[in-house]
Amino acid sequence: MTQLVKKKLTFSKPVGIILLLSILVLLVAVLSMNVGRLNLSPLEVLQVIIGKGTEKQNLIVFELRLPRIVLAVLVGMGMAISGCVMQSLLRNDLASPGTLGISSGSGLFVMLYITVFAANGFWSPMLLPVLAFVGGITAAMLIFVLAYRKGKELSPTGLILTGVALGSGYGALTLMITLGLEQKQYDFALRWQIGNLWGADWKYIMVLLPWVIIIGFYVCYKSNTLNTLNLGNQTATGLGVAIKREFIGLTLAAVALSSGSVALGGNFFFVGLIAPHLARKIVGPNHKFMTPTAALVGALIILVADTFTRTVSMGADVPTGVIITIFVTPYFLYLLSKSN
Amino acid sequence: MLMEADNSSKGRLKFSLFMLIGASLLLVATAASISFGAADMSLDVAWGALFHFDSGIPEHHIIRIFRLPRTVADIVVGCSLAVCGAVMQGTTRNPLADSGLLGISSGSTFAIALCMAFLPGRSYVETMIYSCMGAAVATAITYYMASVGKHGMTPQRLVLAGMSISMLFGSFSTYIALKYDIGQSLAYWTAGGTANVEWTQLVYVTPVFVAGLIWAITLSPSITVLNFGEELAAGLGLRVNRIKGAATIIVLLLTGLSVIVVGPIGFVGLIVPHIVRYIIGVDYRYIIPACALYGAVFMVGADLVGRLIGRPHEIPLGIIFALIGVPYFLYLVRKQRREFG
């Protein structure tokens, strides 16, 4: 009897935390709807939501604020889940789309697209995540090819160092492209590189929404596999996991998620790294709970940072990523000093 | 005993030969750098501009005002960055140390962004001092963050700490750039280039550079010992902390002045010392002067390539070095995997 009660307790605590986080995300989202250049009271927002707002209020909420909030949530979730998967697959706390250079690979392709195709009037919202995905996959494959040594297991440290190096290579190429841009395009590129929720438009969100939800569910569905893979390849084989297939499937999922987020939200470097850490700290290493928690934490980080940038005037239209980097780097350095 | 003496004289011979080759390469590169560019000039015109200056010939002006300072700047910066890399790799015993990779340059960049925004009427010396101060702050944070904790300073941790410090200072710089509308001028300068260097700047930079270089060379015997391990060095009566402190100051001075002249260029300090070490061994008394020489050769050569490929546009130095440096870095990671564990 006592055992049963105990089991129930340990089971319900993570669920409770996930619920709490969801409520928190909703609360911040509502708060975020209220604030901005034009203040709306909570009551007005409520009126708009139930369909009784004026035309102007409708415009502000549905066309300006809501898409941005939804995008912030989606991008945060995408980056966080992607980081979660990478850290478990590689069994390295410092793996993430950012540190492995995968998001910079996506970024290079996005930049190419923006400068080459978009400049010639060829623009499609569907193509952007797809191209980012191609870039991300290329980057991921490059890392594996370069870090692979015959007859030896992939070394996590080698992977990270390879990723950092490749990342700076993509960075240099991106810089080369941006130097040839006009002032306005250049500003866009600069903002994009640091992380800026620029795709806040329903037509982009309609692409990203199913993307994140479907892959997110796939990863959650695979959480048992992730749990076993996290124990080590040999143990996982012993437990009957088809390592190669699962590894490839999950890698594809992780790259797809980060590419989608990067394409429309820019390069939020640290979110994919920090969110899984926080989640592990809050609910423990079981992926069944860790993945959704990380997703919510990621969403919360970007949402809070974005609300902050929209309300607190700092003399310039600051990209959201600047705030995140400034606040999150100290935490990352702290993690680094603890890691082995 | 005899064997040892034999070895060292052999080493000295090899070193002299290596330096001789380096010097002649530098001479060729310098001559090429002065004669080739947007407009090619024959060598004797270049020679004439240097030694029989005639104010009636426009080419002579081009060479004296543009090409010569540019080449000198390349030499100064190439020497500085390569020596910095060698000193850092020797004192930290970390094969991946480089002033660009460790975030030191990003600190300088941030300081210069601040200067661009807030001190429009600043003098060159002031900018230089601020640039060195920025480098100092970034170095302090990176080293501190990489060395605290139980496991000490591993290559992975140092590189990741450097990367995140770069990100942090980079985002500060981005904020400043967007707020004060200096984005693109900062980017041109970030990409790295010596195209707009003037004699008046070199006059301030060169003494600091020479002082730093000489200091590094006098320190080199201690670095050799330190490279065997701190405990061993302390056992041999070396004041480890003092040497490390001196090495750090040298790195700050040389990085700070390179960043102000050319912008934050990575990988020079990584590649050159490795190649030099591969050829002449682990003795820093030889490595540091050789790095200075070959760093200059590399930089002058890279700048020349950047000018000549895709004329009339120039490819910034930072990009050329990233394109050479990234594969090299990957190679190092692969080769030394056993050490990294």
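# Questions on a predicted model of chains A and B

Trainee: How much area is buried between chain B and chain A?
Mentor: Buried area is the accessible area (1.4 Å probe) that two parts lose on being put together, summed over both. Carbon and sulfur atoms account for 73% of it here. Between chain B and chain A, the total comes to about 4200 Å².

Trainee: Before we go on, what kind of model is this?
Mentor: Residues are numbered from 1 along each chain as its sequence is written, while chains are lettered from A and ligands numbered from 1 in the order in which they are written.

Trainee: How many residues of chain A are in contact with chain B?
Mentor: Contact here means heavy atoms within 4.5 Å. Chain B brings 41 residues to the interface, and the number it meets on chain A is 50.

Trainee: And how many salt bridges are there between chain B and chain A?
Mentor: A salt bridge needs a side-chain nitrogen of Lys or Arg within 4 Å of a carboxyl oxygen of Asp or Glu. A polar contact is a pair of N or O atoms within 3.5 Å; within protein, one must be able to donate a hydrogen and the other to accept it, and residues adjacent in sequence count only if both atoms are side-chain atoms. Across this interface, the rule finds zero residue pairs in polar contact (both at pLDDT 80 or more). For salt bridges between chain B and chain A, the count is likewise zero.

Trainee: Which element gives the most to the side of chain B that touches chain A?
Mentor: Helices (H or I, at least four residues) and strands (E, at least two) are DSSP runs, numbered from the N terminus. The elements giving two or more residues to that side are α6 (155–180), α7 (183–191), α13 (317–335) and α14 (337–340) of chain B. The one that gives the most, with 16 residues, is α6(B).

Trainee: How many residues on the side of chain B that touches chain A are nonpolar?
Mentor: Ala, Val, Leu, Ile, Met, Phe, Trp, Tyr, Cys and Pro count as nonpolar, Asp, Glu, Lys and Arg as charged, and the others, Gly among them, as polar. By that scheme nine residues are polar and five charged, and the nonpolar ones number 27.

Trainee: Which residue forms a salt bridge with D303(B)?
Mentor: The closest N and O atoms of the pair are 2.9 Å apart, and the partner is R70(B). Since D303(B) lies in helix α12 (residues 284–308) of chain B and its partner in helix α3 (residues 58–92) of chain B, the pair ties together parts that are 233 residues apart in sequence. Buried means under 20% relative accessible area, exposed over 50%, partly exposed in between (1.4 Å probe, protein chains only). D303(B) is buried at 3%, and so, at 8%, is R70(B).

Trainee: Which residue is linked with R70(B) and D303(B) in a network of salt bridges?
Mentor: The structure holds six salt bridges over all chains. In this network, R70(B) and D303(B) are joined by R307(B).

Trainee: In chain A, which residue meets D93(A) in a salt bridge?
Mentor: D93(A) sits in the loop between α3 and α4 of chain A, and its partner, 187 residues apart, is in helix α12 (residues 271–283) of chain A. With an N to O distance of 3.8 Å, the residue it meets is R280(A).

Trainee: Is S96(A) buried or exposed?
Mentor: S96(A) lies in the loop between α3 (55–90) and α4 (102–116) of chain A. Not counting residues up to four places away in sequence, S96(A) touches M86(A), F269(A), G272(A) and L273(A), and a polar contact of 3.0 Å joins its side chain to that of T99(A). Its relative accessible area is 0%, so S96(A) is buried.

Trainee: Over which residues of chain A does pLDDT stay under 50?
Mentor: Chain A has a mean pLDDT of 80, and 89% of its residues reach 70 or more. Where pLDDT is low, the predicted coordinates should not be read in detail. The stretch under 50, for which the model has zero contacts beyond four places in sequence, is residues 1–9.

How values were computed
Side-chain values use heavy atoms; hydrogens and water are left out. pLDDT is the predictor's confidence in each residue, from 0 to 100.
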